[in-house]
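Please examine the sequence and the model shown below.

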Amino acid sequence: MTTRAFRQVDVFTDTALLGNPLAVVLDGTGLSDAQMQAFAAWTQLSETTFVLPPTPEGAAGGADYRVRIFTPGMELPFAGHPTLGTAHAWLSAGGQPRQSGQLVQECGVGLVTLKSIAGRWAFAAPPLQRHTPAPALLAEVLAALGLHADEVLAAQDLNNGPHWLGLLIDSVDSLLALEPDHAALKRLNTKVGIAAKRAPSRDGLIRRANREARAFASSARITDDPTDLEVRAFAAPVGIAEDPVTGSLNASLAQWLMAEGHMPARYSARQGTALGRAGQVFLSQDDTGQVWVGGDVVGCVEGTVRL
């Protein structure tokens, strides 16, 4: 066994314990696939990452490092909160980007660029493949969720590495009240990401974030929530009943919802409310059409692990 540098960070929050935690092994050199998977299963976090030197192809493309991303049950080609969390851990451990103000991560989907936007790191959403879901599968998923078809405003099969069935429904209240049949979703082998647009405040004033409310939100919604979209992610097929905050899902939702005119080219999303979290994801589309996914990251644990 080798002693390896280790970090645990909280992603998509500026307040520790309110986002989505990530375990980062900063030197995964020499570890087998089985060892990585076993450690990820042991942490029982939604994802654990292992940092490696870039491959020759990745280095030629400008990669600063390579990352492998594991859930408790499988390896992922890409995931958003591990991308931001690993970048934070790598930089805090002394990593030096090849290009100032920009990072390039190599992972299963290829090279992912990160840059600083409005004082926080954001990653470029990978290309999205999407299509209308099969009616029979959609009906079974809605039954497992306890949703009626007339509550669904739009549905789309989304794939940007991770594969999600995306739903836009008509009510934040309905979204937060969902109690899915996770066994049925696992049997259907379908991860589901559900979003609902937040109604503007009645008085027309700019909504204000309330840090104290976030810290004590429990499972209640945040008072005067400043975000535009509420999101939940159910991922029983990969061993996670509900993910606190999901960057890859928010990336694909943004690409879809912006393209179809459901959301503007700049908005923020809340995720984790039903789990007592207060994750916030910042989505924006630049002049080239590229969608960027940003969020804050807080360091929580620093030390070593023997693997």
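Leaving aside residues up to four places away in sequence, Thr-43 touches Ala-23 and Thr-48, where contact means heavy atoms within 4.5 Å. The model is a predicted one, in which local features need pLDDT of at least 70 and side-chain atom pairs count only at pLDDT 80 or more, while totals for chains, interfaces and linings use all residues. Residues are numbered from 1 along each chain as its sequence is written, and side-chain values use heavy atoms, with hydrogens and water left out.

Thr-43 belongs to helix α1, residues 33–43; helices (H or I, at least four residues) and strands (E, at least two) are DSSP runs, numbered from the N terminus. With a relative accessible area of 19%, Thr-43 is buried. Here buried means under 20% relative accessible area, exposed over 50%, and partly exposed in between, with a 1.4 Å probe and protein chains only. Gly-239, in the loop between β13 (229–235) and β14, has a relative accessible area of 57% and is therefore exposed. Its C-alpha atom is separated by 21 Å from that of Leu-18, 221 residues apart along the chain.

Rings of Phe, Tyr and Trp (its six-membered ring) pair if their centres lie within 6.5 Å; planes under 30 degrees apart count as stacked, over 60 as edge-to-face and the rest as tilted. The structure holds six aromatic pairs. In one of them, the ring centres of Phe-6 and Phe-39 are 6.3 Å apart and the planes stand at 85°, so the pair is edge-to-face. Because Phe-6 lies in strand β1 (residues 3–11) and Phe-39 in helix α1, this pair ties together parts that are 33 residues apart in sequence. Both Phe-6 and Phe-39 are buried. The rings of Tyr-65 and Trp-90 have centres 5.0 Å apart and planes at 45°, so that pair is tilted. Since Tyr-65 lies in strand β4 (residues 65–70) and Trp-90 in helix α3, the pair ties together parts that are 25 residues apart in sequence. Tyr-65 and Trp-90 are both buried. Ring pairs also link Phe-6, Phe-39, Trp-42, Phe-50 and Phe-70 into a cluster.

Strand β17 (residues 291–294) points Val-291 and Val-293 one way and Trp-292 and Gly-294 the other way, and all are buried. Two strands pair if DSSP finds at least two bridges between them. Strand β8 (residues 120–124) pairs with β17 in the antiparallel sense over three bridges, and Ala-124 has Trp-292 as its bridge partner. Strand β16 (residues 279–285) runs antiparallel to β17, joined by four bridges, and Leu-283 stands opposite Val-293. β16 and β17 form a hairpin with five residues between them, and Gly-289 in the turn has a positive phi of about 95°.

Which residues lie nearest the centre of the largest cavity? They are Glu-47, Leu-76, Trp-164, Asp-243 and Thr-246, out of 18 lining residues. On a 1 Å grid over the protein atoms alone, a cavity is a set of points where a 1.4 Å probe fits but cannot get out, and lining residues have an atom within 4 Å of a point. The largest cavity holds about 110 Å³ of space. Helix α3 (80–92), strand β14 (240–243) and helix α8 (247–259) each supply at least two lining residues, and α3 gives the most, with three.

Note on methods. On a 1 Å grid over the protein atoms alone, a cavity is a set of points where a 1.4 Å probe fits but cannot get out, and a pocket is an open set with protein on both sides within 12 Å along at least five of seven lines; lining residues have an atom within 4 Å of a point. Grid points are joined across faces, edges and corners, and a volume is the space filled by probe spheres set on the points.
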